[in-house]
Amino acid sequence: MNTLRRRRFVNVVAFCASIVATLIGLTMLALILWTLISRGLAGMSPTLFTQMTPAPDSNGGLLNAIYGSLVMTFLGIAIGTPIGMLAGTYLAEYGRRTALATVVRFINDVLLSAPSIIIGLFVYTVMVVRMGHFSAISGAVALAIIAMPVMVRTTEDMLNLVPKSMRDAAAGLGAQPWRTITQVVYPAARSGLLTGLLLAIARVSGETAPLLFTALNNQFWSTNLDKPMANLPVVIFQFAMSPYHGWQHLAWAGALLITAFVLLLSILARSIATLFGQHANPGE
Amino acid sequence: MISQSLHIHLRREARAEVGFRTATLVSALLVLALLAGVIVSLVYGSWPALKQFKFAFVTTEKWNPVTDIYGAAGPLYGTVITSIIALLIAVPLSFGISVFLTEICPRWLRGPISTAIELLASVPSIVYGIWGLFVLAPVLQHSVQPWLIEHVGPLPGIGKFFQGPPFGIGLLTAGVVLAIMVLPFISSVMREVFRMAPHSLKEAAYGVGATQWNVVWDVVLPWSRAGVIGGIMLGLGRALGETMAVTFVVGNAHRISTSLLAPATTISAVIASEFTEAVGDLYTSALVALGLLLFVLTFVVIACARLLLMRLESGSVRRA
């Protein structure tokens, strides 16, 4: 009787503790979002999108940084996604259970969680040192390397969800595998692939470490891919660490901007995945 | 006539098949080439420093760009300690969250809550950095750390970890920020493996009079041990390599101090804050050598995690 009561007591205590743990997790998210909104909104103004990053103690915006982030994210995705999708296709369709596919899958999973600063160092040595200077294009390549494993993983997972019978049906009509894949399997996995793309964009657009020694930063407006280019994460890093209040305000505004963008993308990706009944597990 | 055009068409299809197949194979090989490239470039870049300092690089605490003497012991210590703090906080929390989501939570609340927790993983690390520096660090400095110094500091044994002035930034703060960052990764793996525990096992336990907690602790947890450890190691891999958030709050001081409240540094923070300003080949090389050290460390941890999780994934998660 006594042990039964004790076990019930432990049961209640443990479950209360787990509720508290969940509340702590949720509170952290709420706290971070609240800080971002309350401090970031103050810096939100039309000039944020129309003016360049200012010198200390003068007014300005983040236009060049926003532009730079958009350009480099776009380029990074444009380079990384097709390669990732093809590699994922190999794993799901051609390689399957071969030794090569197993190794690639494993290495890709490792790359998925590899520290992004290492990727920055890598691109620095193979591109920046060779070219002799920092450049937007090397920043884009670093982002591509980070986007690629995300796309490999989701592509493989999503293609695996397409029923084999659809492939058999296409093969029965005499289609070559590549035709089956591009005209039957890809369309069937469309929403899943879109989810992967959105997650890759979300993953890449907040990255700072790999841009530090590739794209560096630029105080001025630049569209030259061969030159250093401003980008939101590095500007936020620099401005937040500075003693100038004006810069810190801009950093908070930029942080709010980036976080809102990334969170909206993640939520969108999730709802697409659930809407179409597919299950994505990025980053696990 | 018809057969000839069909013949041409079929040949074209077959050629396209070879092309497409080759393209996918090359892309897959590119993944391997990428890893090989990373390793080669890191080893190549760190060669001068490793040749100069040999194994002492890992054991020396000195980091002096003026006299060109570099040792990784300080950053390595910081990396390991912050990650341990992160796990000490994040693992129990993740366990609680996973138990809540799999056992207690009403079905309709599961989706929103797990999404919210997973959103913590999408918040960019730079945001954790500025939040840690401007919000968390002052709170810790003014309330938590003075309390720790006053009440835990005098204790024998663990007391020495909580002495000295409350700086706000330092190992403890970095550990706390890292804990919040790795929480979603660990908890989502835990939740996934808890959910995979066979119903028959759980029902058998209920049948002999187990409470819900007994089932979680004595049946589900042992059953999913490999996955849970895999998830924790995955979180550890993240914590070891996390850069921006740590750079903001760790204090960037190259020294080993017993107190967790003191400013310190981590491998990734040193690289992030010194690499663009490094002058001299040996300095740069020493920083790349730090990168190599970090890479080896995270590679081993992540590889172990993936091996542990792979077994489960080939079961039901991956090919569900």
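1. In this predicted model, A:Asp168 and A:Lys164 form a salt bridge, with 3.3 Å between the closest N and O atoms. Both residues sit in helix H7 of chain A, four residues apart, about one turn of the helix. A:Lys164 counts as exposed, at 58% relative accessibility.

2. Salt bridges with shared partners also build a network of A:Asp109, A:Arg153 and A:Asp157. One of its links is A:Asp157 to A:Arg153, where the closest N and O atoms are 3.4 Å apart. These two are four residues apart in helix H6 (residues 136-160) of chain A, so about one helical turn separates them. Both A:Asp157 and A:Arg153 are buried.

3. Which salt bridge ties together parts of chain A that are 74 residues apart in sequence? A:Arg167 pairs with A:Glu93, and their closest N and O atoms are 2.7 Å apart. A:Arg167 belongs to helix H7 (residues 164-172) and A:Glu93 to helix H3 (residues 63-95), so the pair ties together parts 74 residues apart in sequence. A:Arg167 has a relative accessible area of 12%, so it is buried. A:Glu93 is buried too, at 14% relative accessibility. Over all chains, the search finds 11 salt bridges.

4. Now the fold of chain A. The chain has 12 helices and zero strands. Of its 284 residues, 57% count as buried. Contacts between residues at least 6 apart in sequence join residues at least 24 apart in 73% of cases. The C-alpha trace spans about 70 × 65 × 35 Å along its principal axes.

5. Next, the interface. Contacts involve 86 residues of chain B and 91 residues of chain A. The two chains bury about 8,000 Å² between them, and 76% of that is on carbon and sulfur atoms. The rule finds two salt bridges across this interface. One of them joins A:Arg179 to B:Glu13, with the closest N and O atoms 2.7 Å apart. Polar contacts between the chains number 12 residue pairs, both residues being at pLDDT 80 or more. On the chain B side, helix H1 (residues 2-53) gives the largest share, 21 residues. By class, that side has 56 nonpolar, 19 polar and 11 charged residues.

6. A:Tyr124 and B:Phe275 are edge-to-face, at 4.7 Å centre to centre and 85 degrees between the planes. A:Tyr124 lies in helix H5 (residues 116-131) of chain A, and B:Phe275 in the loop between helix H11 (267-274) and helix H12 (281-317) of chain B, so the pair joins two chains. A:Tyr124 and B:Phe275 are both buried.

7. A:Phe239 and A:Trp247 are stacked instead, with 4.2 Å between centres and 10 degrees between the planes. A:Phe239 is buried at 2% relative accessibility, and A:Trp247 is buried at 11% relative accessible area. Ring pairs also link A:Phe15, B:Phe95, B:Phe194, B:Trp213 and B:Trp217 into a cluster.

8. Last, one residue of chain B. Is B:Ser125 buried or exposed? B:Ser125 is buried, because its relative accessible area is 16% and the limit is under 20%. The residue lies in helix H5 (residues 125-152) of chain B. Beyond neighbours within four places in sequence, B:Ser125 is in contact with B:Met181, B:Glu242, B:Met244 and B:Ala245.

Key. Residues are numbered from 1 along each chain as its sequence is written. Chains are lettered from A and ligands numbered from 1 in the order in which they are written. This is a predicted model: local features need pLDDT of at least 70, side-chain atom pairs count only at pLDDT 80 or more; totals for chains, interfaces and linings use all residues. Side-chain values use heavy atoms; hydrogens and water are left out. Contact means heavy atoms within 4.5 Å. Buried area is the accessible area (1.4 Å probe) that two parts lose on being put together, summed over both. A salt bridge is a side-chain nitrogen of Lys or Arg within 4 Å of a carboxyl oxygen of Asp or Glu. A polar contact is a pair of N or O atoms within 3.5 Å; within protein, one must be able to donate a hydrogen and the other to accept it, and residues adjacent in sequence count only if both atoms are side-chain atoms. Ala, Val, Leu, Ile, Met, Phe, Trp, Tyr, Cys and Pro count as nonpolar, Asp, Glu, Lys and Arg as charged, and the others, Gly among them, as polar. Buried means under 20% relative accessible area, exposed over 50%, partly exposed in between (1.4 Å probe, protein chains only). Rings of Phe, Tyr and Trp (its six-membered ring) pair if their centres lie within 6.5 Å; planes under 30 degrees apart count as stacked, over 60 as edge-to-face and the rest as tilted.
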